[in-house]
Amino acid sequence: MLVAAWLTAGACTGITLTSADSCTVVARTIEWGGSNLNSQYVVVPRGYSEQSFTPSGKADGMKFTARYGYVGLSVEQKEFVAEGINEAGLSAGLFYFPNYGEYEAYSEAEKEHSIADLQLVPWVLGQCATVDEVMVAVRQLHVVTIDPRASTVHWRFADVSGRQVVLEIVGGEMRFYENTVGVLTNSPGFEWHLTNLNNYVNLYPGSAPVHELGGARLAQFGAGSGMLGLPGDVTPPSRFVRAYFYQATAPVQASAQDAVLAAFQILNNFDIPVGVEFKQGEVPSDIPSATQWTSATDMTNRKIYFRTMYDSRIRCIDLRGIDFSRTGYKAAPLDAVKRQPIEEVKP
């Protein structure tokens with residue numbers, strides 16, 4: 001039931017930055033304004049075996065064993081990794097995709113080759129090293145939902161070369177798209193979002209020139225008038241457009257770590273206040289934000305960074321410091337204390 005609830009009201013915004021030293025950083029938010037997603041980070045060693053959940057509600061689907069160790073960020077259950085990176089530098093993440101995706105119908109006869117949509121990310125991270133490998137391997141699977149009330153998701157995969165693809169399953173058919181813009185949100189489909197960018201052909205960085213029209217002198221009130229008309233609401237089409245223009249106009253950073261910090265700064269613009277998604281009087285009061293966590297992944301240096309709605313400090317897990325041949329499986333909450341720390345400054 002928790003899975004169905006999340007997949008009926010989630011949101012996500014993803015961007016990509018490349019530093020001057022040719023490191024690619026993918027970053028994203030994840031939203032759900034109804035309750036705490038109880039997110040955890042998981043460390044998965046090589047050789048760790050799992051089994052997929054099926055519509056029966058049991059983990060009685062496909063069995064799989066990790067060839068590569070990985071670190072991921074999960075939602076609701078430790079098995080449901082929404083974002084992660086493996087030791088080969090492959091990044092994978094799922095994004096909410098309501099009303100447009102459609103998986104194939106679950107067949108009991110194909111149970112041993114079927115994987116839940118919420119477990120495709122950990123399967124990919126454990127099996128693949130490159131985008132090319134992902135595109136071949138995933139086609140051998142039957143991706144299914146584990147709850148008929150839940151909506152579908154689509155996925156973003158990226159590797160150390162900087163190549164990035166989006167996977168959408170529509171009408172039971174897998175469709176891969178080269179994501180050269182590096183942006184992803186939610187519905188409609190990825191190609192629609194690319195076409196929609198043409199509705200904003202008038203936008204550009206900088207300031208609009210002063211000009212005379214109809215006897216009036218028209219001049220900007222402040223900086224940034226070239227972006228007048230940039231949509232500011234939290235719908236997926238508007239977030240896609242805003243993310244695209246913020247990303248495209250961002251200065252190129254010198255290093256991967258600088259790009260990570262720049263990505264967090266850009267994604268500050270996509271924090272969703274918890275009340276905006278609900279009618280007045282129906283707003284949950286037990287979480288501080290609808291944007292539950294934000295992450296950034298440096299694939300070149302094998303690092304994943306995150307911050308949460310409870311603690312805006314940026315934390316980092318460095319995969320190079322983990323021996324995936326010897327470490328054990330670990331799952332732990334993203335926040336040990338669910339309270340924003342405040343540092344007192346004594347002048």
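Guide: Before we start, contact here means heavy atoms within 4.5 Å. Also, this is a predicted model.

Visitor: OK. What does Phe 157 touch?
Guide: Leaving aside residues up to four places away in sequence, its contacts are Ser 91, Ala 92, Leu 120, Val 124, Val 131, Val 134, Arg 163, Gln 164, Val 165, Leu 167 and Phe 176.

Visitor: Which residues touch the most other members of the largest nonpolar core?
Guide: Leu 120, Trp 123, Val 124, Val 138, Trp 155, Phe 157 and Leu 167, out of 91 residues in that core. Helix H6 (residues 256–267) supplies the largest share of this core, with seven residues.

Visitor: Switching to strand E8. Why is E8 largely enclosed by the rest of the structure?
Guide: Because six of the six residues of E8 (residues 91–96) are buried. In a regular strand the side chains alternate between the two faces of the sheet. Here Ser 91, Gly 93 and Phe 95 are buried on one side, and Ala 92, Leu 94 and Tyr 96 are buried on the other.

Visitor: And which strand pairs with E8 over six bridges?
Guide: E11 (residues 153–158), in the antiparallel sense. Within E11, Trp 155 is the bridge partner of Leu 94.

Visitor: How many bridges between E7 and E8?
Guide: Three, with E7 (residues 77–86) antiparallel to E8. Gly 84 is opposite Ala 92 of E8.

Visitor: What's in the turn of that hairpin?
Guide: Four residues separate E7 from E8, and Gly 89 in the turn has a positive phi of about 90°.

Key
Residues are numbered from 1 along each chain as its sequence is written. This is a predicted model: local features need pLDDT of at least 70, side-chain atom pairs count only at pLDDT 80 or more; totals for chains, interfaces and linings use all residues. Side-chain values use heavy atoms; hydrogens and water are left out. Buried means under 20% relative accessible area, exposed over 50%, partly exposed in between (1.4 Å probe, protein chains only). Helices (H or I, at least four residues) and strands (E, at least two) are DSSP runs, numbered from the N terminus. Two strands pair if DSSP finds at least two bridges between them. A nonpolar core is a set of buried Ala, Val, Leu, Ile, Met, Phe, Trp, Tyr and Cys residues joined through side-chain atoms within 4.5 Å.
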